[in-house]
Number of protein chains: 4
Amino acid sequence: MMEVGFIGLGVMGRPMASNLCRKGFRLVVNDINQAAVQELEGLQASSAPTPGEVAQRCDVLVTMLPNSTIVRQVLLGPDGAMAQARKGAVVMDMSTVSPETTDALAAEARARGIGFVDAPVGRLAAHAARGESLFMVGGEEADVARVRPLLEAMGTTIFHCGPAGSGTRTKLVNNFLAVSLCQLNAEALALSQGLGLQLERTLDVLYGTTATNGQLKINWPDKVLKGDLTPGFAIDLAHKDLSLIVEAANAARVPMPLAAAAREAFSSARARGYGDKDFSAMADAHCETAGVAKPRLSSK
Amino acid sequence: MMEVGFIGLGVMGRPMASNLCRKGFRLVVNDINQAAVQELEGLQASSAPTPGEVAQRCDVLVTMLPNSTIVRQVLLGPDGAMAQARKGAVVMDMSTVSPETTDALAAEARARGIGFVDAPVGRLAAHAARGESLFMVGGEEADVARVRPLLEAMGTTIFHCGPAGSGTRTKLVNNFLAVSLCQLNAEALALSQGLGLQLERTLDVLYGTTATNGQLKINWPDKVLKGDLTPGFAIDLAHKDLSLIVEAANAARVPMPLAAAAREAFSSARARGYGDKDFSAMADAHCETAGVAKPRLSSK
Amino acid sequence: MMEVGFIGLGVMGRPMASNLCRKGFRLVVNDINQAAVQELEGLQASSAPTPGEVAQRCDVLVTMLPNSTIVRQVLLGPDGAMAQARKGAVVMDMSTVSPETTDALAAEARARGIGFVDAPVGRLAAHAARGESLFMVGGEEADVARVRPLLEAMGTTIFHCGPAGSGTRTKLVNNFLAVSLCQLNAEALALSQGLGLQLERTLDVLYGTTATNGQLKINWPDKVLKGDLTPGFAIDLAHKDLSLIVEAANAARVPMPLAAAAREAFSSARARGYGDKDFSAMADAHCETAGVAKPRLSSK
Amino acid sequence: MMEVGFIGLGVMGRPMASNLCRKGFRLVVNDINQAAVQELEGLQASSAPTPGEVAQRCDVLVTMLPNSTIVRQVLLGPDGAMAQARKGAVVMDMSTVSPETTDALAAEARARGIGFVDAPVGRLAAHAARGESLFMVGGEEADVARVRPLLEAMGTTIFHCGPAGSGTRTKLVNNFLAVSLCQLNAEALALSQGLGLQLERTLDVLYGTTATNGQLKINWPDKVLKGDLTPGFAIDLAHKDLSLIVEAANAARVPMPLAAAAREAFSSARARGYGDKDFSAMADAHCETAGVAKPRLSSK
């Protein structure tokens with residue numbers, strides 16, 4: 001049976017490693033926090049005093065660490081764990097790090113002839129505790145196949161996003177939306193309060209419209225993502241609404257930086273001829289600005 | 001049976017008035033576009049040459065016009081339709097206008113002893129054609145009761161948001177989210193393209209997470225909206241992720257103005273002591289900045 | 001000698017009208033504030049009870065009012081002062097209003113066969129009191145010639161910017177810079193404080209560099225404004241600096257919304273191939289985005 | 001006579017080192033670009049094959065390198081140049097790097113008992129060539145005294161900003177203003193073009209007002225910086241102007257992201273009670289948001 005190394009027993013790592021133990025995997029763990037190590041030892045894990053010794057003893061090495069700097073310290077360089085890894089081992093980094101860090105890990109793994117998978121985690125610590133995490137996975141098919149049993153033991157949803165580095169990059173796109181939505185929601189609720197509306201009634205409305213139920217999922221695949229820009233609701237009209245919104249917010253002294261930035265983005269799209277296109281065509285307008293290909297679903 | 005005046009037969013007004021005719025209401029219509037008027041006459045509506053004459057002939061006067069300026073021209077002042085309205089009539093403006101305009105209409109109605117309801121329309125023209133619109137309604141209970149049969153004939157979802165002016169204000173909050181989400185989505189997809197990800201796989205992930213399925217609906221009522229700020233995911237961590245995101249986007253030359261503005265909002269929340277609070281607490285941080293009450297659901 | 005009507009005796013209007021009186025002009029004044037009217041009467045001005053009666057009695061009618069709505073109420077429409085103006089009169093509006101308002105005034109003046117000049121005021125009330133204002137003037141040469149003696153009596157600097165409407169538009173461009181600079185300065189000083197620097201020393205440096213002394217004036221005419229984009233300091237380097245700045249500010253929890261927005265603008269310019277151009281070429285990059293002509297000084 | 005090591009002979013480093021040679025300093029240089037090394041050898045500099053060997057041979061070690069990563073590689077760690085430096089040497093880093101990098105350099109220097117000065121460079125390559133650079137210097141008095149002859153040979157203006165790290169931090173504040181001003185100017189000129197104004201006339205006006213001639217220098221020391229918030233021009237009025245500006249720009253389809261962000265900042269200041277304060281009080285409003293001390297000049 002394969003030996004699994006697990007370095008990083010923090011808020012997320014501890015429940016993840018615990019689930020591996022409970023489902024029968026043989027773990028060698030390491031963390032600077034000895035209390036966390038002992039907790040895992042209580043679940044039949046063994047431990048090693050350094051990342052390097054963990055690496056020497058296992059076939060798959062999992063890292064779940066706080067940031068790019070620590071991931072690099074633990075894994076890279078002549079003293080890093082990768083240098084100690086067995087031939088044929090796979091390293092799976094599940095930390096949220098920069099694409100450059102993931103790419104550096106993948107390059108070092110390749111240079112040392114070991115496998116590499118990046119698999120950052122979606123959802124929250126409570127999901128991790130219940131084994132219900134979501135994983136965004138980058139790596140070669142063969143490498144991903146080897147770590148898949150571990151992922152299935154820790155979570156319910158596994159997205160193989162592409163080659164090494166794709167997991168980290170997909171996580172950034174995903175968390176951009178999840179996190180920025182907080183500020184968008186915050187501005188909406190501040191505006192509701194500033195305009196003297198009753199919170200429950202505002203939420204009733206928002207819950208019944210595209211304001212919360214995901215137009216990216218429901219409307220966009222039939223519009224911009226297949227290249228149909230005919231207006232269901234035109235960018236010119238959306239810009240008119242944003243203008244009313246920003247004026248009303250300024251009159252009520254409710255600052256709304258994202259609303260203001262969004263309005264300028266619509267203004268920019270109008271300046272470039274998108275005014276009479278569907279408002280989902282903001283995706284095309286913005287990809288044009290960024291010099292990247294317009295987003296289109298491949299036809300089946 | 002009541003007579004219904006309907007002024008404004010544009011993209012939205014035409015299908016709405018048509019539905020009223022089909023469901024048996026007696027309409028008197030007016031528009032500068034005679035083709036639209038004739039279309040309604042084909043559905044048994046009568047017409048009047050001026051807004052004022054429409055007002056003289058009906059019990060309920062509906063307006064569905066392009067903007068605040070035109071609404072004011074049609075309804076207000078010594079020559080406006082309100083000045084011609086029958087005693088006891090109700091005016092229902094369904095246009096998307098500024099709160100000041102709605103308040104001016106409500107004030108003039110009150111001064112003239114007639115009822116007033118603001119009922120802007122959610123969803124798109126295609127929904128209006130099928131009688132599936134959503135309405136955000138402001139007005140006194142008695143006035144709303146009188147127009148409710150009309151609303152039921154034109155749509156499926158009626159939200160009575162509060163007194164006169166509440167419909168217009170709720171629409172602004174709602175459309176702020178619906179429209180700004182386009183730019184947020186646009187930045188996410190541009191980033192996905194800029195990072196070289198495959199579109200379908202990125203969407204698969206986004207469709208399975210809070211990035212699209214409405215944390216405002218699913219998570220917030222159990223967190224900030226009932227005052228629970230204990231971190232499921234802390235603002236400090238969200239800020240760390242936004243920092244990675246903005247750095248990666250700048251390295252890939254994908255401009256992301258909303259991401260950048262959101263990051264500064266999180267930075268501002270951290271500066272004011274919210275770093276260790278749940279990321280839904282951005283609502284509290286922002287309401288504090290705006291000097292409005294924090295959003296809390298009333299306990300049942 | 002010509003009779004000068006002056007409507008609007010507020011913070012700016014009162015010292016301006018006073019200077020006209022002191023320099024020998026015969027004034028007919030009007031304001032809703034009777035104390036202000038009496039003050040001017042003490043300087044030998046006469047008064048009229050309504051704007052219309054002022055208009056009937058004068059050759060040049062000056063308005064200095066708080067906002068677009070009031071300017072329209074006073075001047076436009078069948079009851080407005082323009083309708084009462086003498087044939088051959090000139091109206092000079094010195095208020096800060098929207099371009100639409102100015103254009104509406106100019107159109108009504110033209111329709112009534114009277115002259116029109118827009119001449120909003122630069123500098124502050126203290127300058128107005130000393131007769132040291134700056135005026136941004138739009139209008140036909142002949143009309144401007146007629147009001148020039150008044151302008152010379154109220155200020156020291158007169159810019160004839162072009163036809164009617166040019167004064168108002170120039171004022172908007174000017175005040176955009178003057179006012180936005182406050183927030184730019186505010187972010188700079190907050191960053192200085194957040195980084196623990198000593199204020200006096202920071203200012204000493206800023207006072208000695210292009211950070212405060214107007215690169216638009218000193219450097220730009222020799223670079224982008226004559227089409228020379230060879231890099232003195234390249235946009236790529238400027239973007240690198242902004243990245244360091246925004247990172248340092250976020251680490252210090254100093255929110256900097258303009259810095260963040262500026263960085264995304266540089267990112268956008270880089271995405272469109274401007275990275276190796278001089279940083280003044282941001283003007284070209286932005287004009288391109290806006291779909292307007294690149295700014296070039298005409299060669300002499 | 002002291003030996004001066006100089007590592008980094010790029011666009012800025014080459015003219016700086018050349019000036020040192022010309023003014024009689026004995027240089028030992030190093031760069032990966034051998035052409036640059038030979039150029040300096042032509043000016044009587046000697047060279048060494050590695051940074052470490054440069055360090056072994058000199059009393060003062062100057063580095064002028066492209067970014068934080070390279071600076072760390074050259075100077076830090078067991079193989080870095082600092083490890084080879086003579087006892088009693090001084091290292092002066094003139095690169096533009098992050099504060100963390102500068103702090104790491106200063107800490108390593110302290111640990112090794114050598115002096116450290118950070119002295120990033122203001123102004124452009126053309127100034128460096130003429131020996132007219134400006135330096136923002138951080139370090140102990142004694143260390144700064146030792147490098148001062150070098151600085152005087154390379155530039156005309158030396159600001160000692162405070163202890164080690166102050167030079168780097170001051171440069172960030174300074175360059176934030178210098179670089180962001182480009183985008184601010186760009187938006188102003190795009191608006192001028194979008195509104196149909198003549199460029200030369202717009203510039204004439206801007207050159208005559210506070211829009212370009214440094215209110216931070218001319219007005220602020222007498223207002224917010226000494227705590228006088230009485231309004232010369234109130235934040236409420238500035239916000240009104242920004243509202244006119246943003247509306248006019250959106251109507252003309254000229255996107256202005258900084259204008260929009262600035263307006264929200266003014267809206268935020270108004271929400272917190274600053275509306276009737278002088279517009280320079282934006283500095284207080286923003287420092288309050290950032291949780292840092294308000295900027296006040298010490299009274300003499």
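Biologist: In which helix of chain B is S267(B) found?

Modeller: This is a predicted model, in which local features need pLDDT of at least 70, side-chain atom pairs count only at pLDDT 80 or more, and totals for chains, interfaces and linings use all residues. Residues are numbered from 1 along each chain as its sequence is written, chains are lettered from A and ligands numbered from 1 in the order in which they are written, and side-chain values use heavy atoms, with hydrogens and water left out. Helices (H or I, at least four residues) and strands (E, at least two) are DSSP runs, numbered from the N terminus. S267(B) lies in helix α13 of chain B, residues 257-271.

Biologist: Is S267(B) buried or exposed?

Modeller: Buried means under 20% relative accessible area, exposed over 50%, and partly exposed in between (1.4 Å probe, protein chains only). S267(B) has a relative accessible area of 0%, so S267(B) is buried.

Biologist: With which residues is S267(B) in contact, leaving aside its neighbours within four places in sequence?

Modeller: Contact means heavy atoms within 4.5 Å. On that basis S267(B) touches H239(B) in its own chain, and N250(C), R253(C), V254(C) and P255(C) in chain C.

Biologist: Where does UniProt place the feature "active site"?

Modeller: UniProt positions are given in the numbering used here, feature names are shortened, and annotations may be inferred rather than shown by experiment. The unreviewed UniProt entry puts this feature at K171(A), which is in helix α9 of chain A, residues 166-194. K171(A) counts as buried because its relative accessibility is 8%. Apart from neighbours within four places in sequence, K171(A) contacts T96(A), P120(A), V121(A) and M136(A), and also D241(B) from the other chain.

Biologist: What area is buried between chain A and chain B?

Modeller: Buried area is the accessible area (1.4 Å probe) that two parts lose on being put together, summed over both. Here that is about 8,700 Å², with 75% given by carbon and sulfur atoms. In chain A, the residues that lose the most area to chain B are V173(A), F176(A) and H286(A), together 8% of what that side buries. Helix α9(A) supplies the largest share of the side of chain A that touches chain B, 27 residues.

Biologist: How many of the nine residues of helix α10 in chain B are buried?

Modeller: Seven, so α10(B), residues 199-207, is mostly covered. Among the buried ones are E200(B), T202(B) and Y207(B). Their cover includes β8, β9, α9 and α11 of chain A together with α9 of chain B.
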